[in-house]
Amino acid sequence: MFLTRKGMSEAGIAIVKEQKQLRKEKLLTNPALIIGLIGFAAIFAAAMIIPIINTTDPNAMAVTERFNAPSAAHRFGTDEFGRDILIRLMYGARVSLWVGGSVAVFSCVIGTIIGIYASYFKLLDHVLMRICDALIAIPGILLAISLITTFGTSSWNVVWALTIVYTPSVARTVRASALVIKEQPYIEAAKVQGFSNFKILWKLILPGVISPLTVQASFIFAQAIIAEASLSFLGAGIPAPAASWGNMLQDSKLIFSKAPWTMIAPGLAVIICVLSLNLLGDGIRDYLDPRVKGGNKK
């Protein structure tokens with residue numbers, strides 16, 4: 001029996017509704033995604049709103065208020081220069097989130113271009129993947145320090161150094177996914193129909209790598225925040241006296257025994273932010289995985 005046009009449209013509507021319901025169930029039964037999103041949103045909102053509400057200069061010094069313990073006047077205490085740690089923590093969140101987000105975006109964009117073209121053209125594959133292998137073989141933190149030492153310490157140099165560190169792993173992930181998609185019948189059909197290489201790469205192959213790329217971007221975001229804090233802690237990151245979580249940790253290492261709150265606050269901020277991003281990445285992976293239904297893998 002053939003379906004009427006009305007019956008076909010009703011069937012299509014029913015399928016769409018069922019898909020929406022399944023996506024809703026996967027979202028509601030995905031605690032990692034929800035917790036990670038709430039944690040990251042809270043940090044992002046605090047970083048954006050609190051410095052607007054409280055316009056205190058994060059670098060303002062008050063010699064008479066040095067090493068004040070947490071109190072009503074200074075919720076997280078003050079450091080060796082009398083600077084309010086809470087204010088510096090919020091401004092530092094802006095810097096850390098900006099560095100992490102910029103590195104995630106740039107490395108994913110550049111890595112996607114490299115990975116897609118490497119998967120499609122064999123000559124480029126041999127050249128680009130050997131370069132990526134060479135970069136991956138160097139410990140990331142050492143490579144970043146070398147680049148920053150060469151070009152100087154600045155926020156943008158930190159971003160570009162970390163972008164170079166993480167781009168090879170993105171390129172390899174995209175290339176692996178694109179190689180699988182390249183062998184699909186619809187790609188061969190597109191070639192037969194005369195589709196240009198550009199259209200095949202960016203219209204047909206790119207959509208298939210978005211899911212793994214989105215997951216990896218969240219993890220790179222978290223790794224870049226840790227890397228920036230590590231570089232600043234070692235004196236090779238964001239130049240002082242700019243407020244960043246790494247600079248705050250670097251400033252507190254010599255006075256920890258006298259004022260432990262100066263290290264606890266930025267340390268917890270890094271831990272919570274990175275944990276939220278990792279949970280968010282795990283949640284996105286499960287949400288996009290077709291084998292996961294209602295929070296359980298089939």
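Biologist: Gly140, Leu143, Ala144, Leu147, Ile148 and Phe151 in α5 meet Asn157, Val158, Ala161, Leu162, Ile164 and Val165 in α6. What makes this a contact?

Modeller: Residues are said to be in contact when they have heavy atoms within 4.5 Å, and the residues you list in α5 and α6 meet in that sense. By class, this contact of α5 with α6 has 10 nonpolar, 2 polar and no charged residues, where nonpolar stands for Ala, Val, Leu, Ile, Met, Phe, Trp, Tyr, Cys and Pro, charged for Asp, Glu, Lys and Arg, and polar for the others, Gly among them. The model is a predicted one, in which local features need pLDDT of at least 70 and side-chain atom pairs count only at pLDDT 80 or more, while totals for chains, interfaces and linings use all residues. Residues are numbered from 1 along each chain as its sequence is written, and side-chain values use heavy atoms, with hydrogens and water left out.

Biologist: Why are α5 and α6 called oblique to each other?

Modeller: Their axes, which are lines fitted to C-alpha atoms over the stretch in contact, with angles from 0 to 180 degrees between N-to-C directions, come within 9 Å and cross at roughly 140° for α5 (residues 140-151) and α6 (residues 155-182). Angles under 35 degrees count as roughly parallel, over 145 as roughly antiparallel, 65 to 115 as roughly perpendicular and the rest as oblique, and α5 and α6 are therefore oblique. The helices themselves are DSSP runs (H or I, at least four residues) numbered from the N terminus.

Biologist: What is the hand of the crossing of α5 and α6, and what is that of α4 and α6?

Modeller: The crossing of α5 and α6 is right-handed, whereas α4 passes α6 in a left-handed crossing; the near helix is turned from the far one by less than a right angle, clockwise in a right-handed case and anticlockwise in a left-handed one.

Biologist: What makes α4 oblique to α6?

Modeller: Helix α4 (residues 122-137) packs on α6 at an angle of about 135°, with the axes 9 Å apart, and that angle makes the pair oblique. Asp125, Met129, Arg130, Cys132, Asp133, Leu135 and Ile136 of α4 make the contact with Ile164, Pro168, Ser169, Ala171, Arg172 and Arg175 of α6, and by class this contact has 7 nonpolar, 1 polar and 5 charged residues.

Biologist: Why are α8 and α10 called roughly antiparallel?

Modeller: The axes of helix α8 (residues 197-233) and α10 come within 8 Å and cross at roughly 170°, and the two helices are therefore roughly antiparallel to each other. Among the residues of α8 that meet α10 are Phe219, Phe221 and Ile225, and those of α10 include Val274, Leu277 and Arg285. The residues of this contact divide into 13 nonpolar, 5 polar and 2 charged.

Biologist: What makes a space a cavity, and what makes it a pocket?

Modeller: On a 1 Å grid over the protein atoms alone, a cavity is a set of points where a 1.4 Å probe fits but cannot get out, whereas a pocket is an open set with protein on both sides within 12 Å along at least five of seven lines, and lining residues have an atom within 4 Å of a point. The structure holds 1 cavity of 30 Å³ or more, and the largest cavity has a volume of about 60 Å³, a volume being the space filled by probe spheres set on points joined across faces, edges and corners. Its lining residues include Asp79, Glu80, Arg83 and Asp251, and by class the lining has 3 nonpolar, 2 polar and 5 charged residues. α9 gives the most to this lining, with 3 residues.

Biologist: Which residues lie nearest the centre of the largest pocket?

Modeller: Of the 16 residues that line the largest pocket, Phe76, Leu89, Ala265, Leu268 and Ala269 lie nearest its centre. About 260 Å³ of space lies in this pocket, and its lining has 15 nonpolar, no polar and 1 charged residues. α10 gives the most to the lining of the largest pocket, with 6 residues.
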